[in-house]
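User: Could you walk me through this structure with a few questions and answers? I would like to start with the aromatic rings.

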Amino acid sequence: MPFYHKLGSIPHKRHTQFRQPDGTLYAEQLVGTLGFSGVSSLLYHKNPPTKIERIGEPVPFSYKLAKEAKYAPSHLRTLGEKTTGTDYLKARRTMMANNDCAISICNPSEMEMAYFYKNAIADEVVFVHEGSGELLTQMGRIEFRPGDYLVIPRTIIHKFRFNEGQVRLLIIESFSPVETPRRYRNHFGQLLEHSPFCERDMRAPSELVHEDEKGEYLVQIKREGFLHQYYYDFSPLDVVGWDGYFFPYAFSIHDFEPITGRIHQPPPVHQTFEAHNFVICSFVPRLYDYHPQSIPAPYNHSNVDSDEVLYYVAGNFMSRKGIDIASFTIHPSGITHGPHPGTIEASIGKVATEELAVMIDTFKPLYLTEEAMQYVDEKYPMSWQDGHTDPPRAADMMD
Ligand SMILES: [Fe+2]
């Protein structure tokens, strides 16, 4: 994150003596990126973070890409999945992926995690579709609620605690750092006035969480296709203070201020995050275009160099056939897509939309996974035929 934050107790000067009440030194740890040239934070632990007790056998944790699947517009329906597994990691089902990102659904039935988790090689953006609770991290606690993007940079040890009720998460793993769009930041990294959100909308960890009891603590570390089992005799939640620019945070999609215009605005106005070779965008309730001759529905377009994924969160498509909430549509590069028959005329005169959706555009081809195939709506590629009978869908009004 391009702003400075600190929590708890830290010494006046970095890399100097900082002692515990019993006289021993706190263990200082630099968590940094880009080989000491990127953002970083300094953490102060009660216990040496290097003190591994033992390492268990790696647990396979992967997905298979369905590279033989048809090259076609796709629609995946996942609303029927109340639960996709027991705990936070077992419930992850990866729907599509490439070398830059992996996109999963995760609807756990267990509200507590009996372990900690760290992704060693990817940042994770957890979009909370349904559910609430708290994210406990080494750098503090973040309360979350529906509509939150939880941005968890790689290597931060954490666990989720969900409140009772349906939990429905969309998880985007990014193999490069997830950042705010460069064009919205000034030379110092501050978000500019034309940005649809600013630092005030970012919720950094609010308070540190301490677990002092000795015991056996498991941290499952994800790297490539395995979960590596690291055991410690102290809790990783032993940080007494930290400061810096590297930390997890929450940003609510409801705090994204839409950019509108007299005529149809292109998808980049919805951009919220960027990473290497892909972007994440937020479609939020907004007024439609106000030129007297405007057409609110998007024009047909060819994604020459990007695959376009939409995940539907809420809006008036809920009561209609076709696209439902928790559905994905995937429009691969090279195949023209656009509004369904009749929806361009039907959009004229509409003044506003209540839709809520998350879009992920990747600049390299995405592949559905074998696990995703069970959710595929086989009729979707032909749904632009004149005889197609589904009523107009809010999805037609998106890009
Ligand atoms: Fe599009």
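Analyst: Happy to! Rings of Phe, Tyr and Trp (its six-membered ring) pair if their centres lie within 6.5 Å; planes under 30 degrees apart count as stacked, over 60 as edge-to-face and the rest as tilted. This is a predicted model, where local features need pLDDT of at least 70, side-chain atom pairs count only at pLDDT 80 or more, and totals for chains, interfaces and linings use all residues. Residues are numbered from 1 along each chain as its sequence is written, and side-chain values use heavy atoms, with hydrogens and water left out.

User: Which residues form one aromatic cluster with Phe127 and Phe273?

Analyst: Pairing of rings rests on the 6.5 Å limit between centres. Beside Phe127 and Phe273, the cluster holds Tyr149, Phe197, Phe251 and Phe256.

User: How many aromatic pairs are there by this rule, and is the pair of Tyr149 and Phe251 stacked or edge-to-face?

Analyst: The count comes to 20 aromatic pairs. For Tyr149 and Phe251, the centres are 6.4 Å apart and the planes 10° apart, and the pair is stacked.

User: Which strands does that pair link?

Analyst: Strands (E, at least two residues) and helices (H or I, at least four) are DSSP runs, numbered from the N terminus. The two residues are 102 residues apart, with Tyr149 in strand E13 (residues 148-152) and Phe251 in strand E20 (residues 249-252).

User: Why do the rings of Phe197 and Phe256 count as they do?

Analyst: Their centres are 6.1 Å apart and their planes stand at 45°, so the pair is tilted. Phe197 lies in the loop between strand E15 (168-174) and strand E16 (202-203) and Phe256 in the loop between E20 and E21, so the pair ties together parts 59 residues apart in sequence. Phe197 is buried at 3% relative accessibility, and Phe256 is buried at 2%. The class asked for is tilted.

User: On to the cysteines: how many disulfides are there by the rule?

Analyst: A disulfide is a pair of cysteine sulfur atoms within 2.5 Å. The count comes to zero disulfides. For Cys101, the nearest cysteine sulfur, that of Cys281, is 12 Å away. For Cys106, the nearest is that of Cys101, 17 Å away, in keeping with a count of zero.

User: Where is Glu224, and what is its phi?

Analyst: Glu224 sits in the loop between strand E17 (217-223) and strand E18 (226-232). It counts as exposed at 59% relative accessibility. As a residue other than glycine, Glu224 has a positive phi, near 50°.

User: Where is Gly80, and what separates its C-alpha atom from that of His228?

Analyst: Gly80 is in the loop between strand E6 (74-77) and strand E7 (92-97). Its relative accessible area is 69%, so Gly80 is exposed. Gly80 and His228 are 148 residues apart along the chain, and their C-alpha atoms are separated by 32 Å.

User: Which feature does UniProt place at residues 9-252?

Analyst: UniProt positions are given in the numbering used here, feature names are shortened, and annotations may be inferred rather than shown by experiment. The span is 0% helix and 40% strand, with its end C-alpha atoms 29 Å apart. In the unreviewed UniProt entry, the feature is "domain: Homogentisate 1,2-dioxygenase N-terminal".

Notes. Buried means under 20% relative accessible area, exposed over 50%, partly exposed in between (1.4 Å probe, protein chains only).
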